[in-house]
Amino acid sequence: MKLQRKNRLRALSLGALAVSGALALTACGSDDTSSGDGGKETNANANIKCDDAKGQLAASGSSAQKNAIDAWRKVYTTNCKDVQLNYNPTGSGAGITAFLQGQTAFAGSDSALKPDEIEKSKKVCSNSQAIDLPMVGGPIAIGYNVPGVDSLTLDAKTLADIFNNKIKSWDDKAIKKLNPDAKLPSTKIQPFHRSDESGTTDNFTKYLKGAAPSAWPYEPGKSWEPKGGQSANGSAGVAGQVKQTAGAISYFELSYAGEGVKTVDLKTEAKEPVKATVDNASKAISEAKVVGKGKDLALELNYKPTAEGAYPITLVTYEVVCEKGNKKDSLAATKSFLTYIASEDGQQVLKDNDYAPIPAEIITKVRSTVAGLS
């Protein structure tokens, strides 16, 4: 019996590895943490208008929104059975490239289109151009492993100095000042960063540059620039290192902070430190400014929020689509699907799956823009 049980467990383990391998994602966002059915149970009776939507709806891009797309697809295709939605989480850069080459109906990107990409899109979008539609938000947590320290507050400058290898021990005076009641050990700080190109790295370094420019001399980007520190592949990799390494600290999507990994509270311009939660990420996104021109809804995040409970290390994923001149054979499905995911029901699915819904004042503009796509 023991041998049979051992073999059964081994088979299950190999099966899990096979699934994990099949879902492996390229860099440019978070790693897949959902089950193959799209994560948590969602409402299959959502108020969805299928209209004349039918056929193949092909899209690709950001892996950060992969779990959200899976959850949305489960609900949408249950209601609109004539649509076959295929989203390939190739990463933001690859997704934009595929869209600009006319291979997909829309792309997912955790960075807004660059000016040269908008210019290139005019060749794909007949008599028009591509636009950014902010659709998914999410907090990037700072996980740490300091034995005996159950609560930790850090600010942008201190984080910048830690990840730039200027603060080297947990009892440093800068950390003590922010945590006067904590019993901070002299344990060596071991900062971990992503070894792969990542939208999470891009957004984390945008926060450091925006909130502590004098302490962070590097330009934001998907590749890690500072020398020193340690690295691991993917959000799962850095989160795993934090969990098993005393003195470690790293950044990853909030969903990876489960199973005992503690997260930092951020000292912002508000009176009280802010916890990394879905609701607090949405509060921070609500302070973002729309900087896109015309119907483009590209956002500029505020990395120094003054609102209480606004968590500023956030990631926003856009759906990139033509304002006009979309593919005729998939236009109905594109509008139908984007209308659903921007709806109240669609945004609630985000919250149910550990993502941050886009604030009402922004998502209302998204809905109006989607309605006018042609």
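Mentor: Two strands pair if DSSP finds at least two bridges between them; strands (E, at least two residues) and helices (H or I, at least four) are DSSP runs, numbered from the N terminus. The model is predicted: local features need pLDDT of at least 70, side-chain atom pairs count only at pLDDT 80 or more, and totals for chains, interfaces and linings use all residues. Residues are numbered from 1 along each chain as its sequence is written, and side-chain values use heavy atoms, without hydrogens and water.

Trainee: How many bridges join S4 to S8?

Mentor: Strand S4 covers residues 130–144, and S8 covers residues 248–253. Gly 143 stands opposite Ser 250 in S8. S4 and S8 run antiparallel, and the bridges that join them number five.

Trainee: In which sense do S6 and S8 pair?

Mentor: Strand S6 comprises residues 190–194. Gln 190 stands opposite Ala 248 in S8. Over two bridges, the sense of the S6 and S8 pairing is parallel.

Trainee: Is Asn 280 buried or exposed?

Mentor: Asn 280 is found in helix H9, residues 278–285. Beyond its neighbours within four places in sequence, its contacts (heavy atoms within 4.5 Å) include Gly 309 and Tyr 311. Buried means under 20% relative accessible area, exposed over 50%, and partly exposed in between, with a 1.4 Å probe and protein chains only. Because its relative accessible area is 12%, Asn 280 is buried.

Trainee: What is the phi of Asn 127?

Mentor: Asn 127 lies in the loop between helix H4 and strand S4. Most residues other than glycine have a negative phi. Asn 127 is not a glycine, yet its phi is positive, at about 55°.
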